[in-house]
Amino acid sequence: MEDAPVFEEFDPESDCDCPGCIHWRRTAAHALPLRLGGHPAAHGARRALVLAAASCTVLGGGQTLPAVASTEVGGPPATPGRLPADDGPGMPQGATSPLHGRQGATATPASAGAAPTVAYRSTTRSAIINRAKKWVAARVPYSMDAYWSDGYRQDCSGFVSMAWNLSGNEWTGSLDTYGTRISKDQLQPGDILLFHNPANPTKGSHVTIFGGWTDYTHTHYLAYEQARPHARKQATPYGYWSYGDRYVAYRYKGVKGGTPGGSGASATRYPGAGSFGPGAHNKYVTRLGEALVARGGKRYYRSGPGPRWSDADRRATQAFQRAQGWRGKDADGLPGRTTWSYLMSGKGRDIGASPGGGTGTGAKGAPAYPGKGVFRPGRTDAAIERLGRQLVKKGFGTYYTRGPGPSWGESDRRNVEAFQRAQGWRGAAADGFPGPETWRRLFR
């Protein structure tokens with residue numbers, strides 16, 4: 001009989017920047033004494049254990065206290081991938097408060113039990129994500145006491161209050177008032193994943209903004225969140241690194257382009273090109289028209305939208321496609337898979353104020369997407385060089401040994417792939433060939 005194999009555990013390099021290792025380093029830091037940079041809360045825990053041990057001598061009579069195991073007192077720290085079940089983000093938050101806070105206010109989440117006066121400001125999914133991106137780009141530092149220039153508190157719940165454009169700052173114990181609970185398969189960009197611990201709001205309570213699934217497995221999503229040391233976006237396991245099974249999905253009641261408690265993934269799945277165009281008569285045409293109206297296409301419809309395909313549907317679809325910067329076959333007025341995905345998830349730019357789509361609400365001066373056929377081996381086009389220069393500008397020019405130039409090469413593909421992976425995409429979505437969404441994100 002063969003001997004059982006022997007496995008050796010090892011700790012990762014200290015400079016690893018994956019979220020698990022970051023979490024592990026934070027946990028380890030809590031176990032250090034104060035003189036070496038440890039956290040005061042951990043110091044208090046050690047003092048409590050010391051006092052408990054000392055009380056054994058006071059009890060006398062042969063009584064002993066049960067042994068207490070703790071990673072705070074000499075126990076091995078949790079390693080990445082094996083996060084302890086009771087270890088949350090460790091990020092305290094402020095209480096409900098108006099914008100910019102109140103002078104001298106000292107309320108804590110535990111005292112903020114009154115239900116807020118709810119007002120649902122209308123917004124779109126793209127607006128929610130774009131507001132979140134502003135804090136991420138500005139690297140807004142985490143604080144439960146400070147308020148950013150827009151008036152919102154710089155903690156996780158203040159971040160969601162800002163992205164949802166609420167009239168004041170909420171906390172994890174009140175955000176659900178503004179949303180409708182949904183299931184995992186109903187999640188769309190702009191929804192939130194919320195965990196509130198009512199027994200101890202400072203332990204584990206946290207909230208993130210759902211930015212989309214990273215791949216078809218739906219095990220990881222792109223999370224926008226306010227966390228130490230600053231606002232960030234990163235691929236995150238569903239529902240979070242810890243307490244994952246206790247996170248609940250909510251949809252803001254004021255969001256357009258998605259019905260709270262709707263019919264989920266089956267309602268947003270692309271039904272196929274045959275569902276649209278002359279002669280089409282089905283529920284998907286109605287759903288397309290409703291989504292187009294919500295994204296600024298109302299002026300194209302004299303009546304409806306309805307289930308029978310019309311020229312109004314074609315013109316509104318084309319206006320939406322042009323608002324994304326698409327031209328040619330990518331803006332023919334017939335919704336393909338990408339157009340449908342943008343409309344159902346709230347991505348991209350809304351239809352502009354003038355017929356034809358204008359520039360929408362996105363970045364000004366973004367060049368029109370030239371089409372997928374441009375970015376292929378053997379092709380030479382000015383758009384390839386424009387793409388390369390933008391990659392370099394964005395910090396994704398590592399694989400260029402010279403150039404970039406107008407001829408498509410492997411260095412272009414690898415740099416595009418690096419950019420796509422930085423968005424949290426995997427598989428076919430990160431193949432190194434820029435589609436309309438890659439192009440839009442590069443030039444926004």
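This is a chat about a predicted model of one protein chain.

User: Hi! What should I know before I look at the model?

Analyst: It is a predicted model, where local features need pLDDT of at least 70, side-chain atom pairs count only at pLDDT 80 or more, and totals for chains, interfaces and linings use all residues. Residues are numbered from 1 along each chain as its sequence is written, and side-chain values use heavy atoms, with hydrogens and water left out.

User: Thanks. How many helices and strands does the protein chain have?

Analyst: The protein chain has 11 helices and 10 strands. Helices (H or I, at least four residues) and strands (E, at least two) are DSSP runs, numbered from the N terminus.

User: And how much of the protein chain is buried?

Analyst: Of the 444 residues in the protein chain, 44% are buried. Buried means under 20% relative accessible area, exposed means over 50%, and partly exposed is in between, using a 1.4 Å probe and protein chains only.

User: Let's zoom in. Where is Trp 135, and is it buried or exposed?

Analyst: Trp 135 sits in helix 3, residues 125-138. Its relative accessible area is 2%, so Trp 135 counts as buried.

User: Which residues does Trp 135 touch?

Analyst: Not counting residues up to four places away in sequence, Trp 135 touches Val 140, Trp 148, Asp 150, Tyr 152, Arg 153, Gln 154, Phe 159, Met 162, Gln 226 and Ala 231. Contact here means heavy atoms within 4.5 Å. With Asp 150 there is also a polar contact of 3.0 Å between the side chains. A polar contact is a pair of N or O atoms within 3.5 Å; within protein, one must be able to donate a hydrogen and the other to accept it, and residues adjacent in sequence count only if both atoms are side-chain atoms.

User: How do helix 3 and helix 4 pack?

Analyst: Helix 3 and helix 4 (residues 156-163) pack at an angle of about 135°, with their axes 8 Å apart. Axes are lines fitted to C-alpha atoms, for helices over the stretch in contact, and angles run from 0 to 180 degrees between N-to-C directions. Helix 3 and helix 4 are therefore oblique to each other. For the cut-offs, angles under 35 degrees count as roughly parallel, over 145 as roughly antiparallel, 65 to 115 as roughly perpendicular and the rest as oblique.

User: Which residues meet there?

Analyst: From helix 3 come Ile 128, Arg 131, Ala 132 and Trp 135, and they meet Phe 159, Met 162 and Ala 163 in helix 4. That contact divides into 6 nonpolar, no polar and 1 charged. Ala, Val, Leu, Ile, Met, Phe, Trp, Tyr, Cys and Pro count as nonpolar, Asp, Glu, Lys and Arg as charged, and the others, Gly among them, as polar.

User: What about helix 9 and helix 10?

Analyst: Helix 9 (residues 382-393) and helix 10 (residues 410-422) pack at about 50°, and their axes are 10 Å apart. That makes helix 9 oblique to helix 10. Ile 384, Leu 387 and Leu 391 of helix 9 make the contact with Asp 412, Asn 415, Val 416 and Phe 419 of helix 10. The residues there divide into 5 nonpolar, 1 polar and 1 charged.

User: Where is Glu 437, and what is it in contact with?

Analyst: Glu 437 is in helix 11, residues 436-443. Its relative accessible area is 9%, so Glu 437 is buried. Leaving aside neighbours within four places in sequence, Glu 437 is in contact with Tyr 342, Lys 347 and Trp 425. The side chain of Glu 437 also makes a polar contact of 2.9 Å with the side chain of Arg 440.

User: Last topic, the loops. Which peptide bonds are cis?

Analyst: A cis peptide bond joins Gly 304 and Pro 305, with omega about 10°, and Pro 305 is in the loop between helix 6 (283-297) and helix 7 (311-323). The bond from Gly 403 to Pro 404 is cis too, with omega near 10°, and Pro 404 lies in the loop between helix 9 and helix 10.

User: Which residues other than glycine have a positive phi?

Analyst: Among them are Arg 139, with phi near 50°, and Tyr 243, with phi of about 55°. Arg 139 counts as exposed at 52% relative accessibility, whereas Tyr 243 counts as buried at 11%.
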